[in-house]
Amino acid sequence: MPEPGPSAAPATGTQPEEADRLRELLRTPAYQKALVFSALIGIPVSLAAFWFLAALHELEHLLWADLPSGLGWDTPPWWWPLPLLTLAGITVGLVVRYLPGAGGHIPAAGLHAAGQPPVTLPGVILAALASLPLGATLGPEAPLIALGGGLALLFGQLARSPVTAQNTALLAAAGAAAALPAIFGNPLVGAVILIEVAGVGGPRLFAVMLPALLSSGIGSLVFTGFGRWTGLSIGDLTLKLGVPTPRLDAGDVLWTIPMAVAIGIAVHLILDTGRLAAVFVSKRTVVHTTVCALAAGACGAVYTLAVDRSPEDVASSGQATLAKLAEDPHSWASGL
């Protein structure tokens, strides 16, 4: 490398040194092989994520639409969340207690689930299938990150890839990025979310995100083509309005400021409550998990009795409910 001239930045600073190391890393054959491998694993990981999401969507429709209709109800009765969430609590409690990985990370702790060992995948998948379709108010993002990262590490082991901290981070990020585009409909959104998961910054973040963006783009192509070919729905996180989008005025924009503060405070309180619930559950896993699930079901039942709407409104991730609320907000009770 040529010596820097008088106007060049000194090579002794932290940032130039990191930039030089990053440049050297990108040129190494090992990193270039990692990019090729990231592109290859994007295909099977995205296919696995597609079928996982399709199964979640079909189970949710079966439990909250087909089964009540088959029993003679147009909408689920007010008590419907109680048995479903109780069953979810018992199943998840057993998974956490007896299977490796404790069913995945704690949602209140943030999205830090990439790179979980492949041995934890059965517990993560089973816990997700036993909770999300039955009405647990969580999204599929964390299970998808764990699924994608775990499968990528499994493929790395099968390919006898060198097990180093650097390779593990790259493969886990690439696998998680390949699994996320399905629910966001855009490969960039899933890759940006991985910035929180990666937990690094600067040149190291660039080195991790490059294979993640590559596998995310390939995964998005697989989701698009495979979804149209099969005709299956995966319940992507999109807000589709049946009415023209209203125009914003100055008052709407100004109201977003106090609303953002109020929402931030509410989210902070919810996360604190989630952490306390995690501590409570850890003491007697099966019993306390069932109690918490039953309490969530009771909240859904109270909602139904109070506003005379379907308990499905407050079940699962709520994305379908948001579209209905945005389309016709005046049909909802003002006290919600």
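# Briefing: helices, salt bridges and ring pairs

Residues 286-306 are 100% helix and 0% strand, with the end C-alpha atoms 30 Å apart. Helices here are DSSP runs (H or I, at least four residues) and strands are DSSP runs too (E, at least two), numbered from the N terminus. This is a predicted model, in which local features need pLDDT of at least 70, side-chain atom pairs count only at pLDDT 80 or more, and totals for chains, interfaces and linings use all residues. Residues are numbered from 1 along each chain as its sequence is written, and side-chain values use heavy atoms, with hydrogens and water left out.

**Transmembrane regions**

- The unreviewed UniProt entry lists "transmembrane region" for residues 34-57, 77-99, 142-159, 171-195, 207-229, 250-271 and 286-306.
- UniProt positions follow the numbering used here, feature names are shortened, and annotations may be inferred rather than shown by experiment.
- Residues 250-271 are 100% helix and 0% strand, and their end C-alpha atoms lie 32 Å apart.

**Salt bridges**

- Side chains of opposite charge can pair when their charged atoms come close.
- A salt bridge is counted when a side-chain nitrogen of Lys or Arg lies within 4 Å of a carboxyl oxygen of Asp or Glu.
- The whole structure holds two salt bridges.
- One of them joins the side chains of Arg275 and Asp272, at 2.9 Å from N to O.
- Arg275 and Asp272 are separated by about one helical turn, because they are three residues apart in helix α10 (residues 250-283).
- Arg275 is partly exposed at 39% relative accessible area, and Asp272 is partly exposed at 29%.
- For these labels, buried means under 20% relative accessible area, exposed means over 50%, and partly exposed is in between (1.4 Å probe, protein chains only).
- Arg309 forms a salt bridge with Asp313, with the closest N and O atoms 3.1 Å apart.
- Arg309 is partly exposed at 25%, whereas Asp313 is buried at 10%.

**Aromatic pairs**

- Rings of Phe, Tyr and Trp (its six-membered ring) pair if their centres lie within 6.5 Å; planes under 30 degrees apart count as stacked, over 60 as edge-to-face and the rest as tilted.
- This rule gives four aromatic pairs.
- Among them, Phe50 and Trp51 are edge-to-face, at 5.6 Å centre to centre and 85° between the planes.
- Phe50 is buried at 1% relative accessible area, whereas Trp51 is partly exposed at 44%.
- Trp73 and Trp80 also form an edge-to-face pair, with 6.0 Å centre to centre and 70° between the planes.
- Trp73 is partly exposed at 32%, whereas Trp80 is buried at 5%.
- Ring pairs link Trp73, Trp79 and Trp80 into a cluster.
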